[in-house]
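Me: I am new to this structure and would like to learn how its features are read. May we take them one at a time?

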Amino acid sequence: MATQPIQLQDQDRILNDEGVLRTGADENFLAVSRFRFDSGVEESGAEQIESGTCEVRTGTSSVLPWIVPTTKELPRASFQVLQAWVGVVTEVADAEFQAELHDQTNPERSREVASFLVEEVSNEDHELIAKGAVFYWSVGYRVSPSGQKDRVSSIRFRRLPAWSRRDIEQAEGRAEEWLRLFAPAP
Amino acid sequence: MPQLPELGPSVGTLEVSVFGPGIGECVLVHIGAGEWIVVDSCIDRRRKEPVAISYLRSLGVDLASVKLIVATHWHDDHVGGIAAVLDACPRATFACSAALMTKEFLTAVEASRRATTESMGSGLGELAAVFDILSKRAPSGSRPSSVGPKWLSQDVVVLKREAQGDCPPVAIHALSPSAGSQTRALMAIARLVGPPGSTRRVAVSEDPNSLSVVLLVEIGDRLALLGGDLEQDADPLTGWNAVLTSQVPGRARLFKVPHHGSQNADNPQVWQLRLTSTPTALVTPFTRSGLPRASDLRRMAAYGADVLCSGPSQGPRPPRRDAAVEKTAQAVARDRRVLEGALGHIRIRWDAGTEPTVELFNGAYRHSAVA
């Protein structure tokens, strides 16, 4: 076990080689899972979230002045995917959207179409709901570190990179070549 | 399941075969003398290839006898696999709407290659593959006119052939897009690729069908009007209103109904002025939108048409998955449907001086039989 202690100095955000540590407005903690808190408090209320981080809701920072990096595995939540689709939004109405679904679990299956309520999508993704937007839809079991098993549906929209000026200029260059080649004969 | 027919049409027979929905439609026309044209394309999932290829091969047709391949517009339900069809047909001329011959559209086609990392098409990617093939067929940068693309607009002659033996003369004209339709399409095309800094998405047109090609196929006195996806609006210079101003004469007996029979593609004057009094209406479903609706079929029948549809308007229910998946999926997603049902086939064979013969395969049906 690595035992180099890291002292908590900045209550807002601490970056170091081992990962990210952050305190929230209420002085609760978010920490990457390879940290554990000295005194074993991490066992109480620790919850794994998707990105591999570990949310620890304990007391204030004054209770936990030291953090010890460790290679010891903490109890992790897991997500067992039973079925996954990639969707493309084809229509958007006020409170719902229609999408075409491509089966990622069994790609040989035919495409499907379905309607979703916008409220099924995380609030932070609402701004991404638009015609042509791509999202992942997964259905599976989430098992908490304590072993509790929940069947869940997760819709996450892709944050595709924005068009760059270079992308568009390259496409325009090719378009001009095609225009020259494909122009009607005089 | 009925097997695909094995006997090809006779030398002088006009055949119009309509396939759908393989997420879309494909129309094959035998123009006599063993020559064929392909209008739009969809995939035969059973054979994992474009239905145009699988059907023509089932008839023993040499794909070199395909003279013309037309993409009426760029939507994925009309161009699925069309690049593979072009690749397999070495002597075919490729033709598409003149509305696509703009820097904005070709930029969108090229940009589609890098729009997303997913292998989900918008139709633009299929056209990118088409243009790549055409580029390779243009030696040293010079393009033989027989290669294409031939840019189609109202009243353009698409193909002409003199009478040959038992085959009467053939003329194929484009009746759309009009100049007005092309202008309208330009505005939508300009929005396909956002400005720098905008989010990449799969291209979805906001103004879908004003640029669609419509073809009038004449073999002697037998005429077929292939309506593509052209829609109707109040503007006299666009859509079907503009088609009615075409200088190309003739009333068609066979009508590939536009836009899957939807109300917004219907112009009563087309039935009065461009079709015979007892036309045969050929309809393909669009399962994404549940077209044609029962009211659409009734409306066409009321015009006096014999209404044939290549399949049901709704796709089947999705296959049942793991019970836990089904329970959750049904709670989250409503109206889940499979897009691709069985690929139905309507076949019309029509010899000079006779009535057209109708054959229905693989789920295609006659409206009056189920009304």
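Me: Where in chain B is P149(B) found?

Reply: In this predicted model, P149(B) sits in the loop between α5 (124-136) and β8 (150-152) of chain B.

Me: What kind of peptide bond joins G148(B) and P149(B)?

Reply: Most residues other than glycine have a negative phi, and most peptide bonds are trans. The bond between G148(B) and P149(B) is cis, with omega about 5°. L291(B) and P292(B) are also joined by a cis peptide bond, with omega about -5°. P292(B) belongs to the loop between β14 (275-283) and α9 (294-302) of chain B.

Me: Which value does phi take at K48(B), and where does K48(B) lie?

Reply: Phi of K48(B) is near 55°, which is positive although the residue is not glycine. K48(B) lies in the loop between β4 (43-44) and β5 (49-50) of chain B. D335(B), not a glycine either, has a positive phi of about 55°, but D335(B) is found in strand β16 (residues 333-338).

Me: Are K48(B) and D335(B) buried or exposed?

Reply: A residue is exposed when its relative accessible area is over 50%. K48(B) has 62% relative accessibility, so K48(B) counts as exposed. D335(B), at 57%, is therefore exposed as well.

Me: Why is helix α1 of chain B described as largely enclosed by the rest of the structure?

Reply: Buried means under 20% relative accessible area. Six of the eight residues of α1 (residues 51-58) are buried, so the helix is largely enclosed. Those buried residues are V51(B), A52(B), I53(B), S54(B), Y55(B) and L56(B). After α1(B) comes G60(B), with a positive phi near 75°.

Me: What does T107(B) touch, and which helix holds T107(B)?

Reply: An α-helix has 3.6 residues a turn, so residues three or four places apart point the same way. T107(B) is part of helix α4 (residues 103-111) of chain B. A polar atom of the T107(B) side chain lies 2.7 Å from the backbone oxygen of K103(B). Leaving aside residues up to four places away in sequence, T107(B) touches I168(A), A171(A), E172(A) and A175(A). Its relative accessibility is 6%, so T107(B) counts as buried.

Me: How many helices and strands does chain B have, and what share of its residues is buried?

Reply: Chain B has 11 helices and 19 strands, and 62% of its 371 residues are buried. A compact globule with 371 residues would have a radius of gyration near 21 Å, and the 20 Å of chain B agrees.

Definitions and conventions: Residues numbered from 1 in each chain as written. Chains lettered and ligands numbered in written order. Predicted model: local features only at pLDDT ≥ 70, side-chain atom pairs only at ≥ 80, totals over all residues. Heavy atoms only, no water. Helix = DSSP H or I, 4+ residues; strand = E, 2+ residues; numbered from the N terminus. Rg over C-alpha atoms; globule rule 2.2 N^0.38 Å. Buried < 20%, exposed > 50% of the residue type's maximum accessible area, 1.4 Å probe, protein only. Polar contact = N/O pair within 3.5 Å; in protein donor to acceptor, adjacent residues only side chain to side chain. Contact = heavy atoms within 4.5 Å.
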